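Biologist: I would like to learn how to read a structure like this one. Can we go feature by feature?

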There are 2 protein chains.
Amino acid sequence: MNIGEAARASGVSAKMLRYYEETGLIPPAGRSASGYRTYGPRDVQTLRFIRRARDLGFPMEKVAELLALWQDRSRASADVKRLAEAQVTALEVRIAEMQAMQATLRHLVHACAGDDRPDCPILSDLGGPSAAAYPSLAGGLPLAKR
Amino acid sequence: MNIGEAARASGVSAKMLRYYEETGLIPPAGRSASGYRTYGPRDVQTLRFIRRARDLGFPMEKVAELLALWQDRSRASADVKRLAEAQVTALEVRIAEMQAMQATLRHLVHACAGDDRPDCPILSDLGGPSAAAYPSLAGGLPLAKR
DNA sequence: TCTTGACCTTCCCATGGTGGGAACCCCCAT
DNA sequence: ATGGGGGTTCCCACCATGGGAAGGTCAAGA
């Protein structure tokens with residue numbers, strides 16, 4: 001299989017395949033005589049594993065750990081579970097942060113007339129000197145990706 | 001006020017202050033004879049506005065729009081409200097994605113013994129050929145920032 | 001007056017994952 | 001032999017932020 005086919009079969013883009021190889025997440029693929037990367041069904045399986053772990057929100061670093069455990073036949077399932085639980089917690093934190101933002105926003109939206117007059121509690125709140133309950137310490141929130 | 005003091009007073013780091021200026025979000029600050037940037041209470045208020053909008057998860061682009069509306073005395077509150085509502089929706093989407101991940105993860109965690117044996121449904125699921133309900137199309141999720 | 005330390009300046013680099021695209025090579029079918 | 005659809009490497013951009021180097025400035029205390 002060439003890189004494009006492996007990408008289609010695994011759901012990981014060719015671009016990412018090269019990147020994963022470069023960063024050492026996966027070992028260098030074999031090469032054809034003319035320098036093309038070649039992949040087997042086993043590689044595709046590994047890539048699918050990675051893809052799914054990413055889809056569950058694991059950062060690359062954790063994906064690497066999961067991958068290592070997956071390939072270690074003498075692993076303890078407790079180690080895997082720990083990673084998964086940590087991810088659940090990480091998600092919880094992020095979700096809570098965003099929900100706090102949402103609560104504040106909904107409150108403000110509710111108070112805004114939304115007509116053609118300039119008075120707007122949303123702006124006065126953002127601009128005001130008040131200490132207002134801001135969810136601070138949030139993340140940059142790259143809203144919308146892929 | 002020098003940049004450090006303005007940073008402390010507004011909650012925006014000096015680094016970000018320079019960056020906001022560079023990208024045109026805020027106009028260039030005045031300069032002292034020796035080249036130091038100088039800020040007044042009004043600037044601090046603007047910075048606090050920006051900080052709060054960021055804390056509500058607005059991306060820079062939207063912050064710029066909010067800022068423009070804030071400074072436009074003839075704005076229609078409807079425009080502000082629209083922006084805020086869009087942000088609520090954006091957050092909703094992200095939250096839903098993460099909750100889907102969490103649901104899948106919790107399910108898997110629940111099924112894992114978490115002892116010293118190697119058998120682990122989490123790994124078999126990630127590695128398996130099954131189509132399993134993966135929340136795909138999620139974000140990169142830069143977990144943990146600031 | 002001189003030193004010291006806390007401040008400021010600009011400039012470059014890194015992050016995390018991903019996509020875009022240029023410039024070039026290779027393989028197969030017509 | 002030619003064209004199109006692969007592949008390869010390399011660099012750039014995103015978004016918003018932090019880190020740090022190299023050097024100029026300011027104010028307080030000796």
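Modeller: Start with helices and strands. These are DSSP runs, numbered from the N terminus: helices are H or I with at least four residues, strands are E with at least two. T89(A), for instance, is placed in helix 5 of chain A, residues 77-111.

Biologist: Before we go on, what kind of model is it, and how do the labels work?

Modeller: This is a predicted model: local features need pLDDT of at least 70, side-chain atom pairs count only at pLDDT 80 or more, and totals for chains, interfaces and linings use all residues. Residues are numbered from 1 along each chain as its sequence is written, while chains are lettered from A and ligands numbered from 1 in the order in which they are written.

Biologist: How many helices and strands does chain A have?

Modeller: Chain A holds six helices and two strands. Along the sequence, their pattern is α-α-β-β-α-α-α-α.

Biologist: Is T89(A) buried or exposed?

Modeller: The idea is to count neighbours. With C-beta atoms placed from the backbone, a residue is buried if 20 or more other C-beta atoms lie within 10 Å of its own, exposed if 12 or fewer, and partly exposed in between. T89(A) has 11 C-beta neighbours inside 10 Å, so T89(A) counts as exposed. Its C-alpha atom is 21 Å from that of R51(A), 38 residues apart along the chain.

Biologist: What about S10(A), buried or exposed?

Modeller: S10(A) sits in helix 1 of chain A. It is buried, because 22 other C-beta atoms lie within 10 Å. Over the whole of chain A, 31% of the 146 residues are buried.

Biologist: And how does Y19(B) count?

Modeller: Y19(B) belongs to helix 2 of chain B. It has 14 C-beta neighbours inside 10 Å, so Y19(B) counts as partly exposed. Y19(B) and A64(B) are 45 residues apart along the chain, and their C-alpha atoms are separated by 14 Å.

Biologist: Which residues does S10(A) contact, leaving aside its neighbours within four places in sequence?

Modeller: Two residues are in contact if their C-beta atoms, placed from the backbone, lie within 7 Å. Leaving aside neighbours within four places in sequence, S10(A) contacts V44(A), L47(A), R48(A) and R51(A). In chain A, 48% of the contacts with a separation of 6 or more are between residues 24 or more positions apart.

Biologist: How do helix 1 and helix 3 of chain A cross?

Modeller: Axes are lines fitted to C-alpha atoms, for helices over the stretch in contact, and angles run from 0 to 180 degrees between N-to-C directions. Helix 1 of chain A and helix 3 (residues 41-55) of chain A cross at roughly 50 degrees, and their axes come within 9 Å. Helix 1 is therefore oblique to helix 3 in chain A. Angles under 35 degrees count as roughly parallel, over 145 as roughly antiparallel, 65 to 115 as roughly perpendicular and the rest as oblique.

Biologist: Which hand does that crossing have?

Modeller: A crossing is left-handed if the near helix is turned anticlockwise from the far one by less than a right angle, and right-handed if clockwise. Helix 1 and helix 3 of chain A make a right-handed crossing. On helix 1 of chain A, the contact uses A6(A), A9(A) and S10(A); on helix 3 of chain A, it uses D43(A), V44(A), L47(A), R48(A) and R51(A).

Biologist: How do helix 5 of chain A and helix 5 of chain B pack?

Modeller: Their angle is about 160 degrees, with the axes of helix 5 of chain A and helix 5 of chain B 9 Å apart. So these two helices, one from chain A and one from chain B, are roughly antiparallel. Helix 5 of chain A crosses helix 5 of chain B in a left-handed way. By class, their contact has 18 nonpolar, six polar and eight charged residues. Ala, Val, Leu, Ile, Met, Phe, Trp, Tyr, Cys and Pro count as nonpolar, Asp, Glu, Lys and Arg as charged, and the others, Gly among them, as polar.

Biologist: Which residues come nearest to DNA strand D?

Modeller: A residue is near a strand if its C-beta atom, placed from the backbone, lies within 6 Å of it. Of the 22 residues around DNA strand D, G4(A), R37(A), S34(B), P59(B) and M60(B) come nearest. That surface near DNA strand D has nine nonpolar, seven polar and six charged residues.
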